[in-house]
Amino acid sequence: PIVPNGLANGTIDLETRTHPEETSDMQPMDLRGLNPAPVTAFNRDGSLDIDANVRIAKWLASFDEVKSLVILGHAGEGTFLTTDERLELIRAYKDAVDIPIIAGITGEGTKVAAEEAKRSLDAGATGALVYPNHGWLRFGFQKGAPQDRYKAIYEEGGLQTILFQYPAATKANYDLDTQLEIAAQEGCVATKNGVRDMKRWYVEIPALKEAQPDLQGLSCHDE
């Protein structure tokens with residue numbers, strides 16, 4: 001009853017990754033539970049309704065099973081907000097709850113995404129749901145470009161990353177080798193798989209789990 005279909009992520013029987021070299025203030029997020037992706041509330045004039053968003057955040061975080069809140073994604077209409085609005089929403093969520101805030105990082109280009117991640121970190125986010133460069137949806141990507149994007153978001157932006165697999169029907173979905181290389185990067189703590197091709201799901205998820213046993217798995221609830 002607390003997880004509307006399509007608006008939340010559920011973890012899949014995987015453990016939390018640990019990095020011995022990480023400092024105590026960079027502990028990997030524990031996402032084993034529910035990780036809702038709430039909608040963003042607006043006023044009738046199109047401005048953010050911060051009070052309503054805070055109520056949503058507090059209500060969701062009141063359930064013990066909820067481990068993080070994933071904002072500024074598809075459900076949260078993150079790509080429709082200005083930079084200032086995005087940061088205002090992150091700050092509002094951070095001030096409202098005591099669980100990690102995961103921000104959708106959608107900027108085009110590696111440098112743009114890294115700078116977006118750094119601003120999100122400064123505003124209070126802990127993790128990044130890393131969207132592919134949306135130019136790849138139509139034209140695909142150069143080999144190694146996704147890996148560079150994730151590395152920059154963690155190393156330059158400071159956010160722990162979630163590998164986001166797009167539907168197989170797009171050219172922005174990653175082959176298994178690309179997924180394995182991203183999952184092996186420092187700072188990558190989970191994968192959210194929305195490939196929507198169950199043949200690939202049953203091949204690729206076990207391969208990721210075998211290569212990275214501590215990688216957490218998030219479902220798009222579309223499978």
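Visitor: Among contacts between residues at least 6 apart in sequence, what share joins residues at least 24 apart?

Guide: Contact means heavy atoms within 4.5 Å. In this chain, 77% of the contacts between residues at least 6 apart in sequence join residues at least 24 apart. The model is predicted, so local features need pLDDT of at least 70 and side-chain atom pairs count only at pLDDT 80 or more, while totals for chains, interfaces and linings use all residues. Residues are numbered from 1 along each chain as its sequence is written, and side-chain values use heavy atoms, with hydrogens and water left out.

Visitor: How many helices and strands does the chain have, and what percentage of its residues is buried?

Guide: Helices (H or I, at least four residues) and strands (E, at least two) are DSSP runs, numbered from the N terminus. The chain has seven helices and eight strands. Buried means under 20% relative accessible area, exposed over 50%, and partly exposed in between, with a 1.4 Å probe and protein chains only. Of the 223 residues in the chain, 53% are buried.

Visitor: How is strand pairing read, and which strand pairs with β4?

Guide: Two strands pair if DSSP finds at least two bridges between them. Strand β3 (residues 69-71) pairs with β4 in the parallel sense over three bridges, and Val70 has Ile102 as its bridge partner in β4. A parallel arrangement is also found for strand β7 (residues 188-193) and β8, which are joined by four bridges. There, Lys192 stands opposite Leu218 of β8.

Visitor: Which residues point each way from β4 and from β8?

Guide: In a regular strand the side chains alternate between the two faces of the sheet. From β4, Ile101, Ala103 and Ile105 point one way and Ile102 and Gly104 the other, and all are buried. Accordingly, strand β4 (residues 101-105) is mostly covered, with five of its five residues buried. In strand β8 (residues 216-219), Gln216 and Leu218 point one way, Gly217 and Ser219 point the other way, and all are buried.

Visitor: Turning to helix packing, at what angle do α1 and α2 pack?

Guide: Axes are lines fitted to C-alpha atoms, for helices over the stretch in contact, and angles run from 0 to 180 degrees between N-to-C directions. Angles under 35 degrees count as roughly parallel, over 145 as roughly antiparallel, 65 to 115 as roughly perpendicular and the rest as oblique. Helix α1 (residues 50-61) and helix α2 (residues 83-96) have axes 9 Å apart and pack at an angle of about 45°, which makes α1 oblique to α2. Ile50, Asn53, Val54, Ile56, Ala57 and Lys58 of α1 meet Glu88, Leu89, Ala92, Tyr93 and Ala96 of α2.

Visitor: How do the residues of that contact divide by class?

Guide: Ala, Val, Leu, Ile, Met, Phe, Trp, Tyr, Cys and Pro count as nonpolar, Asp, Glu, Lys and Arg as charged, and the others, Gly among them, as polar. The contact of α1 with α2 has eight nonpolar, one polar and two charged residues.

Visitor: What angle separates α5 from α6?

Guide: Helix α5 (residues 145-155) packs with α6 at an angle of about 20°, their axes 9 Å apart. The two helices are therefore roughly parallel to each other. Pro146, Gln147 and Tyr150 of α5 meet Thr178, Glu181 and Ile182 of α6, a contact of three nonpolar, two polar and one charged residues.
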